Amino acid sequence: MTKLLSITLLCFVLLPAYASDAWQEAESLLKLGKAEAAYQILAPMEEEYAGEATFDSLLARSANQSGHYTEAIFAYERLLTITPGDNEARYQLARIYYRLGETAKAENTYQQLLSSSPEKQIQTSAEKELEAIQKGMLFNPTKISGYLGLTIGHDSNVNGATNDSTLIIPDLGSGSSVSYLPASFQEQSDSFRALLAGITIDHQLSRNLSLYGKGSISTRTHNSQDAFDSDQFAIDFGVKLDHQTNQYLLGYVVSEYRLDGDEYRQLRGAKASWSHVLSRNRAFHVSGFHGQVEYNGQDIKDVDRSTIALGYTVLLSGSLAPRIKASIYFGEEDNLNSLTPHLGHNLNGVQMVGELTLNGPLKAYTALYHERRDYGGQDPLFLKTRKDHQTTFALGLKYEPAPNWELVPEIRYTDNDSNLSSYEYDRLQANLLLLKHF
Amino acid sequence: MNRYLIALVITCLIHISSAYGVTTAGRVTFVSGTPKAINKSGSQRPLEKGQAIFSGDTIDTKKSLLQVKFTDGTFMSFNPNSRFQIEEYRFNGKQDGTEKSSYKLLKGGLRTVTGLIGKKNRKAYRLRASVATIGIRGTKFYLELDNGLIIYMGEDGALEINDGTRILFLTAHEVASIGGKDAVVNLIKSGDIEALGPIGQLKIPGGWSMDSYVVGDQVNCYGKQKSVSSSVIIQQ
């Protein structure tokens, strides 16, 4: 019993000495810029020494400098309760609130600090940061996000071709002739895999104005139909303005579609959009695009493309939280060569997308697209003006097994109905996408 | 001497609580002012540094800053004028499926770094406020309940928030407001409105989707050219 008491007493005598040594070591490490090492020494002692000013100051500084901001707040808040006149601590606390987006708390803390006549250097920095908050500026005005994805799937018609082996071509005389399409020119099915990646950068210029830039790349490889392997690149940049319940966007888009390693088509043009919030759960959108679509080595097909779209989004309440977005659009692809007006067309269409939350991270969506295209002149081969109706229906699930991860199985059916039978086809695609956002 | 007294008081409280079948949830790490705990039977006790808090307690911080370390390692710092209920707390030192923490923020705000409960078994951790239930994935966050709930994510981790209609995931540095705020404005500002579309092949950024979507020019006007082309689908 005496021995146990002696050991206990020894512990109580030695512990403060041990703590003091540990704090000194942490202080030395902090001076050497080794904040993480200092934090690791101090963090286990928090329960015992929380509330002792020297300890809290050391812990707060090491946590702050090593990026453990939440832990730094715990320590700074304690420290300022004990020593409210510590202006350096109050300044650092305000800055951490600002960094973490807690602007109301940051503003209040900066104001408390400035009202206590701090040292010149702290005052200058605090005034500058307070002004930035009041102007609506983020602590870090540049945001970067992106995604990486992998898709595997099967496509019943990778070349989007007819399954009809015959072409009935009218003669200029009385009758018509029948041509036979080789099997390779008819619909081809194959499995495929695709990789996709994208990045978005937003840079805040002022409370309401920001610049944005987006880039994406995707590549699709078929198991055997190499001729239809494709790559796509897209860049989109511009400016966004938020004003009350409106968001305006002005941007420029460049994208390229490559087929079997060769440049096939390029699109470039300007876009503008306006989104207006009508009520708590409803928004209205208007967007327009004007640009050029150029076909590499087939200048005859080049067109000017113009579209305008009107959209409506509604988020409904209820157990499945339905989200619906619908839009209609009109436009034209105007062929640049007056001798080939049949390569241009007028277009109009509707798009409807609906999403239901089935069970927490599991959502189901469906999409329906219909586009009508009236071509600009008689097809010289078929001696008819082509008219197409293209319908796509997609059904899929979105499963989020963890934050920033999505698993998306989808089936999609496309039917192109044309008055020229050689342009008629249908296509069924089934694929599974794994997406990681960062 | 004070250390002995504190140790003695803590030991006594642990024994008393065990005898009455009440689980010790954590211990007060820091206190300013005179916060109190109210147990299930309604009796109140002042909270001081080192004191235990138990499953079933409701904490009322009054005008104090109060910090508590839970037995699973969770650290919570309560704002002045906050009320917080430990509805149920079970932790035997292991993540063996029996652990559980169920909390309710009744008033005010708190900041937390979560501990072991909920790390392996997400359903074991629930923090409710009047407008939403929060589940964790090992994280740091700050909550404020004031005409709706505002959630500020800390520097790392993730949260899932169920507001009764949908589940929202939050990751580092994100902010969400539940109730009393405009959902569509939030969606537009976060860019999430774009996420409404099916993401598969259609979710190609740029406002335009270059789907491999054939317009029918695989046989050209001379009947010779064969190739896949794409149409451009508007995706506002």
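Biologist: How much of chain B counts as buried?
Modeller: This is a predicted model. In it, 49% of the 236 residues of chain B count as buried.

Biologist: What about helices and strands in chain B?
Modeller: Chain B has two helices and 18 strands.

Biologist: And of its contacts between residues at least 6 apart in sequence, what share joins residues at least 24 apart?
Modeller: In chain B that share is 47%.

Biologist: Next topic, the largest nonpolar core. How many residues does it have?
Modeller: The largest nonpolar core has 80 residues. Those with the most contacts inside it are A:Tyr76 and A:Ala94 from chain A, and B:Ile53, B:Leu143 and B:Ile151 from chain B.

Biologist: Which element gives the largest share of this core?
Modeller: Helix 5 of chain A, residues 69-82, which supplies eight residues.

Biologist: Back to B:Ile53. What is it in contact with, leaving aside neighbours within four places in sequence?
Modeller: B:Ile53 is in contact with B:Ala25, B:Gly26, B:Val28, B:Ala37, B:Ile59, B:Val68 and B:Ile86.

Biologist: Now the backbone. Where is B:Lys62?
Modeller: B:Lys62 sits in the loop of chain B between strand 5 (58-60) and strand 6 (66-70). Its phi is positive, about 55°, although B:Lys62 is not a glycine.

Biologist: Why does B:Lys62 count as partly exposed?
Modeller: Because B:Lys62 has 15 C-beta neighbours inside 10 Å. A residue is buried at 20 or more and exposed at 12 or fewer.

Biologist: What is phi at A:Leu383?
Modeller: Phi of A:Leu383 is near 55°, again positive in a residue other than glycine. A:Leu383 is in the loop between strand 13 (362-379) and strand 14 (384-399) of chain A. With 13 C-beta neighbours inside 10 Å, A:Leu383 counts as partly exposed.

Definitions and conventions. Residues numbered from 1 in each chain as written. Chains lettered and ligands numbered in written order. Predicted model: local features only at pLDDT ≥ 70, side-chain atom pairs only at ≥ 80, totals over all residues. Core = buried A, V, L, I, M, F, W, Y, C linked by C-beta atoms within 7 Å. Helix = DSSP H or I, 4+ residues; strand = E, 2+ residues; numbered from the N terminus. Contact = placed C-beta atoms within 7 Å.
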